[in-house]
Amino acid sequence: LEDQLRQSQKMEAVGQLTGGIAHDFNNLLTGIVGSLDLLQSRMAQGRFDRLDRYINSATASANRAAALTHRLLAFARRQPLDPKPVEANRLIVSMEELLRRTLSESIRLKIAAVDDLPLTLCDPNQLESAILNLAINARDAMPSGGVLTIETSISNLDRVYAASQKDVFPARYVTISVSDTGTGMPADVLAQAFDPFFTTKPLGEGTGLGLSMVYGFAKQSEGHVRIYSEVGRGTTVKIYLPCHSGELESEASVPALSEIHRA
Ligand code: ADP
């Protein structure tokens, strides 16, 4: 029975992973098709200026899709993902064109990058997928338009040290927050939002995997994710990722347990 249980848990994990990747892949395909449609309609109108923007955007999405299938193959070969030091501000700015393509015209995109943001340690492709998922949710929550704000900042938050949940010390995190001025989430939706396959969207539109992917990514990166939402006002999702400062990496900077308990 125990073996059966373990097997079914494994299958569930694989299902979640492949479902998540299929979901991301679909988002990217939507972006590519959107860019190509725009390209075609501009050409049909005889407007040949700035066509490279649409080509570049389609190429960028196709490259991201290739990186995704690479991840799936890496998983099949059981190669662990290796996180890298990432400049979150630069990554977000590089997504700007993709994000504009994804959002409708009635949504204004604001990017507010804090100066001197430390490097964070995570998988950059997964961070991109997470931000894209959050942007799509924000778009869907603002059917008649609004403002999508992506903001970076530095936060102090507890960090769990070692296996015991009691071993906690304050640490600095790179924070990426994605806010919308949309519908907001009622308490019962908020309570289930991270559950895989939970969706309030019509059949065929939502997979219920966006936020569970974001959650899995944050946890895998030893970070956190929190949702702040108010019905009728909007939603903010904050991803906290550990700083990759040389100091945090070194053993010496991890406080001794006695210090942690005193804090
Ligand atoms: P999906 O978007 O496919 O439904 P998610 O896991 O991303 O899956 O989201 C689950 C549910 O959480 C959504 O169906 C929606 O009800 C709610 N939700 C997520 N993000 C937002 C948001 N920014 N504003 C309002 N509701 C949201």
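**Exercise 1.** Which residues in the largest nonpolar core touch the most other members?

*Solution.* Start with the model, which is predicted. Its largest nonpolar core has 37 residues. Those that touch the most other members are Ala130, Ile131, Leu134, Ala135, Val178, Val214 and Ile239. Next, look at the elements that supply this core. Each of these gives at least two residues: helices H3 (88-94), H4 (96-102), H5 and H7, and strands S3 (120-122), S4 (146-160), S5 (168-180) and S7 (234-242). H5 gives the most, with seven residues. As background, nonpolar side chains in soluble globular proteins tend to be buried together.

**Exercise 2.** Find the contacts of valine 178, leaving aside its neighbours within four places in sequence.

*Solution.* Valine 178 is then in contact with Ile131, Leu134, Ala135, Ala138, Ile150 and Val237.

**Exercise 3.** Describe the shell around the ligand.

*Solution.* First, count: 23 residues lie around the ligand. Asn137, Ala141, Thr199, Gly206 and Gly210 come nearest. Then assign elements. Helix H5 (124-141) and helix H7 (210-220) each give two or more residues to the shell. H5 has the largest share, four residues. Last, sort by type: eight are nonpolar, 13 polar and two charged.

**Exercise 4.** Summarise the protein chain as a whole.

*Solution.* Count the elements: nine helices and seven strands. Then take burial: of the 263 residues, 29% count as buried. Residues 24 or more positions apart account for 71% of them.

Technical notes. Residues are numbered from 1 along each chain as its sequence is written. This is a predicted model: local features need pLDDT of at least 70, side-chain atom pairs count only at pLDDT 80 or more; totals for chains, interfaces and linings use all residues. A residue is near a molecule or strand if its C-beta atom, placed from the backbone, lies within 6 Å of it. Ala, Val, Leu, Ile, Met, Phe, Trp, Tyr, Cys and Pro count as nonpolar, Asp, Glu, Lys and Arg as charged, and the others, Gly among them, as polar. A residue is buried if 20 or more other C-beta atoms lie within 10 Å of its own, exposed if 12 or fewer, and partly exposed in between; C-beta atoms are placed from the backbone. Two residues are in contact if their C-beta atoms, placed from the backbone, lie within 7 Å. A nonpolar core is a set of buried Ala, Val, Leu, Ile, Met, Phe, Trp, Tyr and Cys residues joined through C-beta atoms within 7 Å.
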